[in-house]
Amino acid sequence: MTRLTETSPPRPAVPRRLPLPRPVRRGLSVLRRAARRAARSGYSHWRRSIQLRVVTTTLVLSAIVVAILGVFLTQQMSTALMEGKTKAALLQLEEGLAQVQRDLNGQSDSDQRLKEVADRLKTRSGPSGLYEVYIRDTTEESYDGLATTDLRSESVPGRMREELRREPPGARLYTYGTLTYKWRQPAPGLIVGGTTTRYELYYLFPLTQEQHTLTLISRSLVGVGVVLVLLLAAIASLVTRQVVIPVRLAAQGAQRLAAGRLEERMRVRGEDDLAKLARSFNEMAANLQEKIQELEDLSQVQRQFVSDVSHELRTPLTTIRIAADMLYEHRDTFDDPAVGRSAELLQSQLERFESLLADLLEISRHDAGAATLDAESLDMRDLVLRCVGDIQDLAERKGSKIVLQLPGEPCTAEVDRRRVERILRNLLVNAVEHGEGEDIVVSVAADRDAVAVAVRDHGVGLKPGEGQMVFDRFWRADPARARTTGGTGLGLAISKEDAQLHGGWLQAWGEPGAGSQFRLSLPRVAGDELRGSPLPLVPPGAGGPRQLYAELEAGE
């Protein structure tokens, strides 16, 4: 005997989805991008507009409230309509049961007799046929009963029949179901039934008219709700507009004030809170204009005073310089050594005083906006080498060694030679002053848009918060520390102004005990916007973000 083996049926082939044509895919992609742009634009407008947010919120909340009220009213009306229909149906059932009791007195009745009684009960429903009648003799197990017109006996639910059989005679029940016909479409209906001692009588009321009424009511409520929501949104828009427009005007006025139009004022209308806002805004603008004018006048007086004093001091300073030079040249001929030492001190302090006057004149030019840029194309490596050569002797006296990290390719940029050299000398002298005899690392780099020079020392560094003050005028990290290099206290402040004049950045980083680094970043083309720097502000391996105590851009 051969044993049959069962084989698994072959797997049906999975239909492969054909790719859409390229024009269709392109069109769908365009539609998706347009939808995303519209969504982003709408969301951005919604965030910026108070009126739109208020109207949208009112619209959503009104729609929710109207929907809840609509559902509640629909349910209440449906319940009331069905309760009235049920009461009328039960009354009709009582009359029908009474007539069945009279006409069918318990004797053996034929089917014709039952049909006559059912037709008589049906006649009371009128020509429109408000209900159908189903009657059944409970003593006839094989006979399913008699229904009027084309109603099917299955319209009476079996569970209702079983319930009536279990109930005592005289019970009344009702339920909702679907009425089925021989020649018509099914319809929802109300079914009420009752019993006598022998017969079961059912009235079946089609609910088509009630359903139509409820549908009409629901549509009316939806239409009224939509109109009501739109009206509420329009009202909210009008009310909000009365508040938003003055606030919007105040915001525009504040923007114009911030742009320097100090004569800007708001129009005052009425005596309400918004009018008070306009008056307060105008008073604020007037006071602000007055204070700014006072500050400008005071600043002008201060700048003029510094400039005048600096110029006026040059004449007596020249005379003192001539006398001091003579004393310094003949200091060895004085009998008293103290007089020679005094001549030397006078000479050094006069040099510092002259430097201070020169710095004051330069900073006053920046304050007055009179500083100009004489730009030419130069190689930053040459400027760095020249400045390093100028302060080499000072570095040797302080015990510091200057280490250069220069690229092999030229780092050209359109800069003012005098000003950039002054910045580099100030940075180098500052590094030597605070380098504690450690090495000074000078790095130069360039990219397509910018050039940068970083001066790194390994001295005392900067404490947290000091980086924001390092470019302030006459500021010292340690007030008790003397200026051993004879600085005026204005070098870094002038360097910052020079960097700003180039459209560049002058930034500082420092960490206590780990030294500091100053980075000068300049655009390669004069007048271009500087977007980045080819050198990092934090030296490699110098610490994480928590040690970034100072980062000050000259444009900030």
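Okay, let's start with a sheet: five strands make an open one, ordered E2-E1-E5-E4-E3, with antiparallel pairing. Strand E2 (146-147) and strand E3 (172-179) sit at the edges with a single partner strand each, so one side of each has no neighbour in the sheet. Quick bookkeeping: this is a predicted model, where local features need pLDDT of at least 70 and side-chain atom pairs count only at pLDDT 80 or more, while totals for chains, interfaces and linings use all residues. Residues are numbered from 1 along each chain as its sequence is written, and side-chain values use heavy atoms, with hydrogens and water left out.

On terms, helices (H or I, at least four residues) and strands (E, at least two) are DSSP runs, numbered from the N terminus. Two strands pair if DSSP finds at least two bridges between them.

Back to the sheet. Strand E4 (residues 187-195) and strand E5 (residues 199-206) are antiparallel partners over 7 bridges. Within that pair, Gly 194 has Leu 201 of E5 as its bridge partner. Helix H3 packs on this sheet and touches strand E1 (132-137), E2 and E5, with its direction at about 150 degrees to that of E1. Contact here means heavy atoms within 4.5 Å. For the angles, axes are lines fitted to C-alpha atoms, for helices over the stretch in contact, and values run from 0 to 180 degrees between N-to-C directions. Helix H4 (residues 158-166) also lies across this sheet, over E1, E3, E4 and E5, at about 165 degrees to E3.

So what does H3 do on its other partner, H2? Helix H2 (residues 50-103) packs against helix H3 (residues 111-123) at about 150 degrees, with axes 11 Å apart. From H2, Gly 96, Gln 99, Val 100 and Asp 103 meet Arg 113, Val 117, Arg 120 and Leu 121 of H3.

In the model, residues 50-73 are 100% helix and 0% strand, with end C-alpha atoms 34 Å apart. Residues 221-239 are likewise 100% helix and 0% strand, and there the end C-alpha atoms are 26 Å apart.

Now, further along the chain. Another open sheet of 5 strands runs E7-E9-E10-E12-E11, and its pairing is mixed. Its edges are strand E7 (402-405) and strand E11 (505-511), each with a single partner strand, so one side of each lacks a neighbour in the sheet. From one strand to the next, the twist averages 15 degrees. Strand E10 (residues 450-457) and strand E12 (residues 515-523) pair in the antiparallel sense over 8 bridges, and Ala 452 stands opposite Ser 521 in E12.

Which strands does helix H11 lie across? Helix H11 (residues 491-501) lies across E11 and E12, at about 135 degrees to E11. Helix H10 (residues 417-434) joins in: the axes of H10 and H11 come within 9 Å and cross at roughly 145 degrees. Residues in that contact include Ile 423 and Leu 427 of H10, and Leu 492 and Ile 494 of H11.
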